[in-house]
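User: Got a model I'd like to talk through with you. Can we go over it piece by piece?

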Amino acid sequence: MVYPPSDKVWAANGEEEEGGKKAFIDGIKLLEGELKSNPYFGGETLGFLDIAFLPLYYWFHTFETFGKFSIEAECPKLVAWGERSSCTPLYHTHIRSMTWR
């Protein structure tokens, strides 16, 4: 629900771009809703879903730049989650230091 329309945010024009932007924003709002009042998708600690969605967070600036919208204005809890998730000791100790082959 998030990745397919994201291509249209930065690679399409006109109505296709606007439709992709709306679908993308709807998708990230759905993700934000799943956070509920928790700091992470799994509750109080960083978990599998957080790690799976972190790559999406790192693309937020690109989507905002090409789509000319603010993800923080649309989904402030999701942006706060991304900042929190990428600053956890687990992320810095294990995930960020992994060598991808």
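User: Is Lys 36 buried or exposed?

Analyst: Lys 36 is exposed, with a relative accessible area of 52%. Buried means under 20% relative accessible area, exposed over 50%, partly exposed in between (1.4 Å probe, protein chains only). This is a predicted model: local features need pLDDT of at least 70, side-chain atom pairs count only at pLDDT 80 or more, and totals for chains, interfaces and linings use all residues. Residues are numbered from 1 along each chain as its sequence is written, and side-chain values use heavy atoms, with hydrogens and water left out.

User: Where is Lys 36 found?

Analyst: In the loop between helix H2 (14-35) and helix H3 (48-58). Helices (H or I, at least four residues) and strands (E, at least two) are DSSP runs, numbered from the N terminus.

User: What about phi of Lys 36?

Analyst: Phi is near 55 degrees, a positive value in a residue other than glycine. Most residues other than glycine have a negative phi.

User: And what is phi for Lys 68?

Analyst: Positive, about 55 degrees, and Lys 68 is not a glycine. Lys 68 sits in the loop between helix H4 (60-67) and helix H5 (71-74). It counts as exposed, at 71% relative accessibility.

User: Switching to helix H1. Which residues are buried there?

Analyst: Pro 5, Ser 6 and Val 9, in a helix that spans residues 3-11. They are on the same side of H1, because they cover an arc of only 115 degrees around the axis. The arc is that of the directions from the helix axis to the C-beta atoms.

User: What covers the buried residues of H1?

Analyst: The cover includes H2 and H4. Contact here means heavy atoms within 4.5 Å.

User: Which exposed residues are on the face turned away?

Analyst: Pro 4 and Ala 11.

User: How many residues does the largest nonpolar core have?

Analyst: It has 21 residues, and Phe 24 and Leu 78 have the most contacts inside it. H2, H3, H4 and helix H6 (76-85) are the elements that give two or more residues to this core. H2 gives the most, with five residues. A nonpolar core is a set of buried Ala, Val, Leu, Ile, Met, Phe, Trp, Tyr and Cys residues joined through side-chain atoms within 4.5 Å.

User: What does Leu 78 touch?

Analyst: Leaving out residues up to four places away in sequence, Leu 78 touches Ile 28, Leu 31, Glu 32, Leu 35, Phe 41 and Phe 60.

User: New topic. How many salt bridges are in the whole structure?

Analyst: A search finds four. A salt bridge is a side-chain nitrogen of Lys or Arg within 4 Å of a carboxyl oxygen of Asp or Glu.

User: What does Lys 21 pair with?

Analyst: Glu 18, with the closest N and O atoms 3.4 Å apart. Both lie in helix H2, three residues apart, about one turn of the helix. Lys 21 is buried at 13% relative accessible area, while Glu 18 is partly exposed at 44%.

User: And Asp 26, which residue is its partner?

Analyst: Lys 22, at 2.8 Å between the closest N and O atoms. Asp 26 is partly exposed at 37%, and Lys 22 is exposed at 53%.

User: Which residue does Lys 29 bridge to?

Analyst: Glu 74, with the closest N and O atoms 3.2 Å apart. Lys 29 lies in helix H2 and Glu 74 in helix H5, so the pair ties together parts that are 45 residues apart in sequence.

User: Are those two buried or partly exposed?

Analyst: Lys 29 is partly exposed, at 38%. Glu 74 is partly exposed as well, at 32%.
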